[in-house]
Amino acid sequence: MGELKRAQSRIRERSAPGPDGVPNLALKLAIAARPDIFLEVYTTYLETGVFPSSWKRQRLVLLPKPGKPPDEPSSYRPLCMLDTAGKILERIICDRLEAFAERPGGLSERQYGFREG
């Protein structure tokens, strides 16, 4: 439950939704109202090792770079919008991996890149 609540607290409410169209605020409020349902869903995915294919879909948005000619592909920055429900599962997995790597016997003390701090 703690992992779910930490992941839910990191949802940005004003970010654009992914392909499912569910606003981030709506998902955040739904998790707050019924965390038991979401906990069961995420626990099932973690136990079975399944990451739903629908959460792997993305919506591509091309943002124009200021001052660049609009007829060149390099004038746009690609942005891939993912479903927030999938981002929550990714956050839980990432937090678990970081905790595993940072425990004694995990990463070497000489490993500085790709670590927090």
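**Close-up views of a predicted model**

The mean pLDDT of the chain is 92 in this predicted model, and 100% of its residues reach 70 or more.

View 1. Where pLDDT is low, predicted coordinates should not be read in detail.

**View 2. The largest pocket and its centre.** This pocket holds about 410 Å³ of space. Its lining counts 17 residues. Which of them lie nearest the centre? They are Arg10, Ile11, Arg12, Thr84 and Lys87.

**View 3. What α4 and β2 bring to the largest pocket.** Helix α4 gives the largest share of the lining, 6 residues. Strand β2 (76-82) also supplies at least two residues, as does α4.

View 4. The lining includes Cys94, Leu97, Glu98, Ala101 and Glu102. Leu107, Phe114, Arg115 and Glu116 are also among the lining residues. How many residues of each class line the second largest pocket? There are 5 nonpolar and 4 charged residues, and no polar ones.

Definitions and conventions: Residues numbered from 1 in each chain as written. Predicted model: local features only at pLDDT ≥ 70, side-chain atom pairs only at ≥ 80, totals over all residues. Heavy atoms only, no water. pLDDT = per-residue confidence, 0-100. 1 Å grid on protein atoms, 1.4 Å probe; cavity = no way out; pocket = protein on both sides within 12 Å on 5 of 7 lines; lining within 4 Å. Points joined across faces, edges and corners; volume = space filled by probe spheres on them. Helix = DSSP H or I, 4+ residues; strand = E, 2+ residues; numbered from the N terminus. Nonpolar A, V, L, I, M, F, W, Y, C, P; charged D, E, K, R; others polar.
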